[in-house]
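Visitor: I would like to learn how to read a structure like this one feature by feature. Could you take me through it slowly?

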Amino acid sequence: AAPCHNHFCPLFQRVAPPFLAVTCAMATLGTAALLVALAKRPQAWQWPQSRALVAQLALGTGLFAALLPALAAGIAWGWHLGTGLCRLTHLLWHWSLFAQALLVASGSWGTSWARWDPQSRRLAVAIWAGALLLATPAALAGGTVAGTGCVRRSVGILSPAYLLHLAFSLCLLLLLPTGLLVATLAVPARRASWQAGGGASWVFFGLWAPYGVALAVEFLLHAQLLEPTCGTFESFDHALGLSEGLGVLHCGLGPPVLLLARLC
């Protein structure tokens, strides 16, 4: 049989740097506008889009976007910053990602963010500390390849670090929003936050859910729990890359969506 050919890597190296650069610019402008709105009209940000919650979401998107220039440069010209900084980048990337997931979830269930008091401050510390802990396996599983590429998985698919990272990612990007959605539909009182505009922050889960599905399929393929074919080999990397690119857009689309939802 003719060998399989995967043309994803050349396409990725050509498309990813300008995509990340444009997304970073969008995120910078959107986050800045959101922060100005929070500072100029603090009284306008009430539950469910309370000022405390939205400010932390802006912090998360800002941290995520700040990492994009380094990743874009590393993809375009090779990663020359070493394994340590590569792992630190993955740690910060997933820290901001997981913190935003927990913030959106906590804002969708309960009124803890309705005011900035000692209880909500303790919740904020717990969320950011917990997200950092959950992001640690991502840093351990990531690394460099041949000294020129900073990749999200430099270990085997069955390594403990990657399995932990995969489990945390699936729980936060798929299982958590699914459970919250079912609970929101089942409990009438929870639907009030959606009717008041609280569903705007769920653009985060909407953009990252396809990536969670792609991670699960990738594990099944590499663990040979699904039989890979030549067509799967040639097309799956494109699907995985597109789903991750869709998720990355959250830092550019999330702040304007939150701002427009409050203005409208």
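Visitor: How far apart do the end C-alpha atoms of residues 199–221 lie, and how much of the span is helix?

Guide: A word on the source comes before the reply. This is a predicted model, in which local features need pLDDT of at least 70 and side-chain atom pairs count only at pLDDT 80 or more, while totals for chains, interfaces and linings use all residues. Residues are numbered from 1 along each chain as its sequence is written, and side-chain values use heavy atoms, with hydrogens and water left out. As for the span, helices (H or I, at least four residues) and strands (E, at least two) are DSSP runs, numbered from the N terminus. Residues 199–221 are 83% helix and 0% strand, and their end C-alpha atoms lie 34 Å apart.

Visitor: Which residues does the UniProt annotation "transmembrane region" cover?

Guide: UniProt positions are given in the numbering used here, with feature names shortened, and annotations may be inferred rather than shown by experiment. The unreviewed entry places "transmembrane region" at residues 19–40, 52–79, 91–111, 123–142, 162–187 and 199–221. Of residues 52–79, the model makes 89% helix and 0% strand, with the end C-alpha atoms 37 Å apart.

Visitor: How many helices and strands does the chain have, and in what order do the elements run?

Guide: The chain has 10 helices and 2 strands, and from the N terminus the order is α-α-α-α-α-β-β-α-α-α-α-α.

Visitor: What share of the residues is buried?

Guide: Buried means under 20% relative accessible area, exposed over 50%, and partly exposed in between (1.4 Å probe, protein chains only). By that criterion, buried residues are 42% of the 264 in the chain.

Visitor: Where does L68 lie, and what does L68 touch?

Guide: Contact means heavy atoms within 4.5 Å. L68 lies in helix α3 (residues 68–77) and is buried, because its relative accessible area is 0%. Not counting residues up to four places away in sequence, L68 touches L20, T23, C24, W93, V248 and C251. The C-alpha atoms of L68 and R262 are 194 residues apart along the chain and separated by 27 Å.

Visitor: Is V104 buried or exposed?

Guide: V104, which is found in helix α4 (residues 82–108), counts as buried at 2% relative accessibility. Leaving aside neighbours within four places in sequence, V104 is in contact with L57, S201, W202, F204 and F205. V104 and R51 are 53 residues apart in sequence, and 13 Å apart in space from C-alpha to C-alpha.

Visitor: What is the phi of Q224, and where does Q224 lie?

Guide: Most residues other than glycine have a negative phi. Phi of Q224, however, is positive, near 60°. Q224 lies in the loop between α8 (203–222) and α9 (230–248), and with a relative accessible area of 66% this residue is exposed.
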